[in-house]
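Colleague: I would like to go through how buried residues are read from a model. Please take the features one at a time.

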Amino acid sequence: MKLLSILLFTFALLTDTHISTSNPKPMEDLQRSIEDINRNSDIEFVILTGDLSESGDRASLEAIKQALDQINVPYYAASGNHETTWSESGVMDFTRVFGDSRFAFSHAGAYFIGFNSGPVIRMADGHVAPQDIAWLRHNLDSVSAAGSETPIFVFTHYPLRNGDVDNWYEVTDVLREHNVQCVMGGHYHRNLIFDCDGITDVLNRSNLRGNDTINGYSIISVTDSIRFYERTPSTSTQHYSTLLNTTQPWLTLPFGKKEYAPSD
């Protein structure tokens, strides 16, 4: 399978929604984004990269799922630190409500994989569990065996770098063996780009409005390049394809076959 055979696809990324039973504003922001996504037919799926809830409690997670089930395209969610160590259940309530704390799927000739990177101890660095690394390796080996040209997009909450994830190198060692285009996530609540062991790691803005009057989220469009847009929800029914043609991406990355040097 050649990269040139990849069809154009566009998806939305929501992160750090921080839904709480005691604060209605984050849910208002999430509902606004969902309604905006549903008005625009160019979005093919939605990915959520952790900290969906503020406290990781069952009631908040169930409210989030009820809201997300309104999305008229598939959505996929990985957990964050607020679901891992802010929660009394660890990540178990997230898994019970959403079915898993990780995801993997294929779309338009590309492969998408996301997993938990929450810390073992509250306020410690993030950590990717051995079983998740084994799962990651198994999935990526299977994808590459089927077609080494298959572009892979990876999703975590934390960036995979020193100071954020304590065993980042165990994860990047696995990723560097494959055609990983980039890693995407959140956690910092703003748009940032890092080099993580030679792999581009893109952090995206929080869905929360913060000090603004309205919230926002991310749109990623993949054609000959990977383009990242920041979207402010509106009542417009104008298609994203038209909107994106009149909006400058905040980041553009090359799209193609990636070759990483062997890890030291």
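This is a predicted model: local features need pLDDT of at least 70, side-chain atom pairs count only at pLDDT 80 or more; totals for chains, interfaces and linings use all residues.

Colleague: Which residues touch the most other members in the largest nonpolar core?

Modeller: The general idea is that in soluble globular proteins nonpolar side chains tend to be buried together. Here the largest nonpolar core has 25 residues, and Leu30, Val46, Leu68 and Phe98 touch the most other members. At least two residues of this core come from each of β1 (9–14), α1 (25–38), β2 (46–49), α2 (58–68), β3 (75–78), α4 (92–98) and β10 (217–222). Another core, of 22 residues, lies apart from it and includes Phe45, Ala110, Phe153 and Leu251.

Colleague: What is Val46 in contact with, leaving aside neighbours within four places in sequence?

Modeller: With those neighbours set aside, Val46 contacts Ala12, Leu14, Ile37, Ile71, Val73, Pro74, Tyr75 and Tyr76.

Colleague: Which residues of helix α6 are buried?

Modeller: In α6, which spans residues 168–175, the buried ones are Val171, Thr172, Val174 and Leu175. They lie on the same side of α6, because the arc they cover around the axis is only 155°. Among the elements covering them are α5 (130–146), β6 (152–155), β7 (180–185), β8 (192–196) and β9 (199–203).

Colleague: How many disulfides does the structure hold, and is Cys182 buried or exposed?

Modeller: The number of disulfides is 0. Buried means under 20% relative accessible area, so Cys182 counts as buried at 0%. Cys196 is likewise buried, with 3% relative accessibility.

Terms used:
Residues are numbered from 1 along each chain as its sequence is written. Side-chain values use heavy atoms; hydrogens and water are left out. Buried means under 20% relative accessible area, exposed over 50%, partly exposed in between (1.4 Å probe, protein chains only). Helices (H or I, at least four residues) and strands (E, at least two) are DSSP runs, numbered from the N terminus. The arc is that of the directions from the helix axis to the C-beta atoms. Contact means heavy atoms within 4.5 Å. A disulfide is a pair of cysteine sulfur atoms within 2.5 Å. A nonpolar core is a set of buried Ala, Val, Leu, Ile, Met, Phe, Trp, Tyr and Cys residues joined through side-chain atoms within 4.5 Å.
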